[in-house]
Amino acid sequence: MRSLRIAAIGGDGIGPEVIEAGCQVLEATARADGGFACEFQGFDWGSAMYRASGRMMPEDGLRQLEGFDAIFFGAVGAPDIPDHVTLWELRLAICQGFDQYANVRPTRLLPGVQGPLREELGRQIDWVIVRENSEGEYAGVGGRAHRGLPLEVAMDVAVFTREGVARICRHACEVAMSRPRRLLTVVTKSNAQRHGMVMWDEVCAEVTAQYPELSVDKMLVDAMTARMVMKPGTVDTVVATNLHADILSDLASALAGSLGIGATGNIDPSRQRPSMFEPIHGSAFDITGKGIANPLGAFWTAAMLLEHCGEPRAAGRLMAAVEAVTGRGEVLTPDLGGKATTAEVTAAVIAALAGANA
């Protein structure tokens, strides 16, 4: 039987709670499918390690991860450690170190979930946001000088390379081509950012011209936020820069009912290195340890992991189980208006998986 080797990094806050739940559900999915098994190895990297050693992960962390089929990542961030330290020294260190340049975030309103939009608008949400994940505004280029003095200066430089833009646009085109509507929206801000974003527009136009079967439109990022709220049915696949897509995808999850539902794949399309899959809720340290974290984002993320690893049937089975549970509306965590615990939602999805196999 095929065995998927998965590196499980719970990280910070509620991350370990939802990743543990996700591992349980992955094992249950494998049992229901019968064609593969999951082999997990846990890594206790994160803020606790930083407090003890001054590092968020070991110096040879990438080498330790490179032999796995996939990485299952929980969250990063703690109230007593600066966010730029926790993010850059763990999550971004893995994403950039393994050149996981395509961040893919699907969104739709799951059955039984009530979002903030009117019902007829909320049910139109069925999106995939493709985020450039390796350069742009988060390239890390910049610095500070004259610290503490009146003339102190700080600078972050958004870096756009022709190949960086071209490859994320190609990936977004392929995603859009795989979806029924074959509709792609290129998000930009070239009216104000006249160098990097103008090149972004030009390169995206060159790439999308190679996909005549696609319907392609372009939107300024501020107008895109309004479109997602007012006309969600006109959106399908979206490609945007590191910063713009970061913001738009959080809006997308909120419109779909909760950040706790959001799923992400940090993908290396070349498959030379393992890709990393993470729910996008953040560390949520305000509810850490209370047992009420929503694990559905981790389950949706687990389905993305399975599909990437060549198990689409199992991925579909898992999403069907998730939707069966949300559709009944009886076992939901507080962020979705329910009273269930993380463990109760996990048990319900596992039961739905077993029922689907009966």
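**Sheet, helices and cysteines of the predicted model**

Gly-329 follows helix H11 and has a positive phi, near 70 degrees. The model is a predicted one. Helix H11 covers residues 312-328, and the loop between this helix and helix H12 (342-357) contains Glu-330. The 17 residues of H11 should span 24 Å at 1.5 Å a residue, and the distance of 24 Å between its end C-alpha atoms agrees with this. Buried positions in H11 are Ala-314, Ala-315, Arg-317, Leu-318, Met-319, Ala-321, Val-322, Val-325 and Thr-326. The C-alpha atom of Glu-330 is 9.5 Å from that of Val-345, a residue 15 positions away in sequence.

Helix H10 (residues 296-308) is likewise followed by a glycine with positive phi, Gly-310, at a value near 90 degrees. From its first C-alpha to its last, this helix of 13 residues reaches 18 Å, close to the expected 18 Å at 1.5 Å a residue. Twelve of the 13 residues of H10 are buried, so the helix is largely enclosed by the rest of the structure. The buried set consists of Leu-296, Gly-297, Ala-298, Phe-299, Trp-300, Thr-301, Ala-302, Ala-303, Met-304, Leu-305, Leu-306 and His-308.

Ten strands make up an open sheet of mixed pairing, ordered E2-E1-E3-E12-E11-E4-E5-E10-E8-E9. Its edges are formed by strand E2 (36-42) and strand E9 (215-220), each of which pairs on one side only. From one strand to the next, the twist averages 25 degrees. Helix H6 (residues 162-177) packs on this sheet and touches E4, strand E5 (126-132), strand E8 (183-188) and strand E10 (237-240). The direction of H6 makes about 165 degrees with that of E5.

Strand E11 (residues 263-267) lies between E12 and E4 in the strand order. Strands E11 and E4 (residues 102-108) run antiparallel and are joined by three bridges, with Ala-102 having Ile-267 of E11 as its bridge partner. The pairing of E11 with strand E12 (residues 275-279) is also antiparallel and extends over four bridges. Here Gly-265 is partnered by Phe-277 of E12. Five of the five residues of E11 are buried, so this strand is largely enclosed by the rest of the structure. Burial applies to both faces of E11, with Ala-263, Gly-265 and Ile-267 on one side and Thr-264 and Asn-266 on the other.

Asn-266 was considered individually within strand E11. With a relative accessibility of 0%, Asn-266 counts as buried. Its side chain makes a polar contact of 3.1 Å with the side chain of Asn-133. When residues up to four places away in sequence are not counted, Asn-266 touches Arg-91, Cys-95, Gln-100, Ala-102, Asn-103, Asn-133, Ser-275, Met-276 and Glu-278.

Arg-162 is located in helix H6. At a relative accessible area of 44%, Arg-162 is partly exposed. Apart from neighbours within four places in sequence, the contacts of Arg-162 are with Met-199, Val-203 and Glu-206. Arg-162 and Cys-204 are separated by 42 residues in sequence, but their C-alpha atoms are 9.6 Å apart in space.

Cys-204 is itself buried, with a relative accessible area of 1%. The cysteine sulfur closest to that of Cys-204 belongs to Cys-169 and is 3.8 Å away, which is too far for a bond. Cys-173 counts as buried, its relative accessibility being 0%. A search of the whole structure returned zero disulfides.

Key
Residues numbered from 1 in each chain as written. Predicted model: local features only at pLDDT ≥ 70, side-chain atom pairs only at ≥ 80, totals over all residues. Heavy atoms only, no water. Helix = DSSP H or I, 4+ residues; strand = E, 2+ residues; numbered from the N terminus. Expected span 1.5 Å × (residues − 1). Buried < 20%, exposed > 50% of the residue type's maximum accessible area, 1.4 Å probe, protein only. Disulfide = S-S within 2.5 Å. Pairing = 2+ DSSP bridges. Axes fitted to C-alpha atoms, helices over the stretch in contact; angles between N-to-C directions. Contact = heavy atoms within 4.5 Å. Polar contact = N/O pair within 3.5 Å; in protein donor to acceptor, adjacent residues only side chain to side chain.
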